[in-house]
Amino acid sequence: MSLLPQLRYPTLTQLVASAGALATHRPGLCTLRQVGVSRAGRPLHLLSVGHARRAVLVVAGAHANEPTGGSTSLALAERVVSERELRADTSWHFLLCADPDGASLHRTPAPRSLFDYHLGFFRPAAEEQPEWSPSVLPPHRLPPETRALTRVIDELRPYLQATLHGTELGGSWVQLTKDIPGLAEPFAKSAAELHIPVETGASDAAGWVASGPGVHVMPSPGAGAAYPSMPDDARHSTWYDTHRHGGLTAVVEVPMWASDLVDDPAPHPAPAAVMRRLARRLLRDALEVERVLAEALPRLEGVDGPLLRAAKWALELIPGLAADWMHTPPADNTMAYVGSVDAFGRRLPLRAAAMLLRVLQEVDDRAAPGLERLVATWSDAFAERFRARWVPLEHQVEHQLRTVVAAALHARDRAA
């Protein structure tokens, strides 16, 4: 199976340079400014197009392993510049990368396969993620990236925040902090035209109300969580900061590799039994990674850093999540949902293994070759199980762009 992409993902330096060139080309319309710094001192840049008080904020790069958003931000900024009607009464603002430190660690500019993608994988622990940290940390401990994002939201008071996310393998879906009536139709039309499946049972949105296929509305604060063990809660993330100003947030997810197995709404014949089986596999896979970590830890004395912290964090999530799957009734009984849980159960130990592998390779540890074989085996099995097919980068970008524009237009009508 050929999984070779046709285009490369730009680096953060290239994104900022392109945004700067746009601002230089249209100085009366566009501005590029620094709005904060990361923990390591890297700048956070905001590109603005237009001057209207009514604002849309687009956030890219909140998760380092989801690289499409940066390209989408640039493409959308250029679209807004060229199409006057998009900026007639709305200014558009693009946070080019919410986590530049994470972006410096995730290294897959042109992944040829899921294995290649995981060889450069990085996704920080929740407390180090700019959007998620408020759900797990007290206000006085929030990282500077989170505080910068919150300041931008409070300054712009956007009626819509569109935050650009993705998945390595699956389909496309949207998460909303408030419903946007009418969004489901253009979202589905775009996905169909670009041959991107709609993930109708995304485990990230387990138990949420669907306003249309693949368009999910987050539950109100106080509602029970589908996975009680998970420490982070979207309702305490920066996605809800827009509500202070009467706005809402749309999280737009697109896949790098698509699977046509994630959009089947048919009832699963035995969802609870399969969930228990997937939980047992999750525990078994995690144990394989934990054994490598335990054996290598004495040789890693004095070694610390975001890769090792993130690998440990991913492993720490697994026992509670497996218990949720075993003992909590399924939040959804569709084939699509059970398939999404299957994918989720493959991701967590694979990501932990991939990040631990990078740690071991950096110190030339003897456990690295065996762990690399495990990462390769799991990556190939993931791709084969879900019949992975590459989504051209231009299709990922176009679908994300169309969905953001549709969300902006429909949310504007809602707010009017």
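## The largest cavity

Ala226, Tyr227, Met275, Asp324, Trp325, Thr328, Pro329, Pro330, Ala331 and Tyr337 line the largest cavity of this predicted model. A cavity here is a set of points, on a 1 Å grid over the protein atoms alone, where a 1.4 Å probe fits but cannot get out, and lining residues have an atom within 4 Å of a point. The space inside the largest cavity comes to about 40 Å³. Volume means the space filled by probe spheres set on the points, with grid points joined across faces, edges and corners. Rolling a probe the size of a water molecule over the atoms shows where empty space is left.

By class, eight of the lining residues are nonpolar, one is polar and one is charged. For these classes, Ala, Val, Leu, Ile, Met, Phe, Trp, Tyr, Cys and Pro count as nonpolar, Asp, Glu, Lys and Arg as charged, and the others, Gly among them, as polar. The count of cavities of 30 Å³ or more is three.

Residues are numbered from 1 along each chain as its sequence is written, and side-chain values use heavy atoms, with hydrogens and water left out.

The average pLDDT of the chain (the predictor's confidence in each residue, from 0 to 100) is 93, and 96% of the residues score at least 70. Residues 1-6 fall below 50 in pLDDT, and this stretch has 16 contacts in the model beyond near neighbours in sequence. Contact means heavy atoms within 4.5 Å.

## The second largest pocket

Now to an open space. A pocket is an open set of grid points with protein on both sides within 12 Å along at least five of seven lines. The second largest pocket holds about 400 Å³ of space. Its lining counts 25 residues, and Pro10, Thr11, Leu12, Ala103 and His106 lie nearest its centre. Two or more lining residues come from each of α1 (12-25), α2 (68-82) and α3 (100-105). Helices (H or I, at least four residues) and strands (E, at least two) are DSSP runs, numbered from the N terminus.

The lining of the second largest pocket is made up of 12 nonpolar, 10 polar and three charged residues.

How many of the 11 residues of strand β9 are buried? The count is 11 of the 11 in β9 (residues 248-258), so this strand is largely enclosed by the rest of the structure. Buried means under 20% relative accessible area, exposed over 50%, and partly exposed in between (1.4 Å probe, protein chains only).

Strands pair if DSSP finds at least two bridges between them. β9 runs parallel to β5, with 10 bridges, and Thr167 has Pro255 in β9 as its bridge partner. With β6 (residues 173-176) the pairing of β9 is antiparallel, over four bridges, and there Trp173 stands opposite Glu253.

## A hairpin and two positive phi angles

β1 (residues 30-37) and β2 (residues 43-49) are antiparallel, with seven bridges. Val37 faces Pro43 in β2. Five residues lie between the strands of this hairpin, and Gly41 has a positive phi near 90°.

Most residues other than glycine have a negative phi, and most peptide bonds are trans. Arg157, not a glycine, has a positive phi of about 50°; you will find Arg157 in the loop between α5 (144-156) and β5 (160-170). His195 likewise takes a positive phi, of about 60°, without being a glycine. The loop that holds His195 runs between α6 (184-193) and β7 (209-212), and His195 is exposed at 55% relative accessible area.

## Residues worth a look

Beyond neighbours within four places in sequence, Ser73 is in contact with Val58, Ala60, Phe94, Leu96 and Leu164.

Glu394 belongs to helix α11 (residues 393-415) and is partly exposed, at 41% relative accessibility. Although Glu394 and Thr72 are 322 residues apart along the chain, their C-alpha atoms are separated by 9.0 Å. Ala88 sits in the loop between α2 and β4 (91-95) and is exposed, at 62% relative accessibility. The C-alpha atoms of Ala88 and Asp154, 66 residues apart along the chain, are separated by 22 Å.

Technical notes:
This is a predicted model: local features need pLDDT of at least 70, side-chain atom pairs count only at pLDDT 80 or more; totals for chains, interfaces and linings use all residues.
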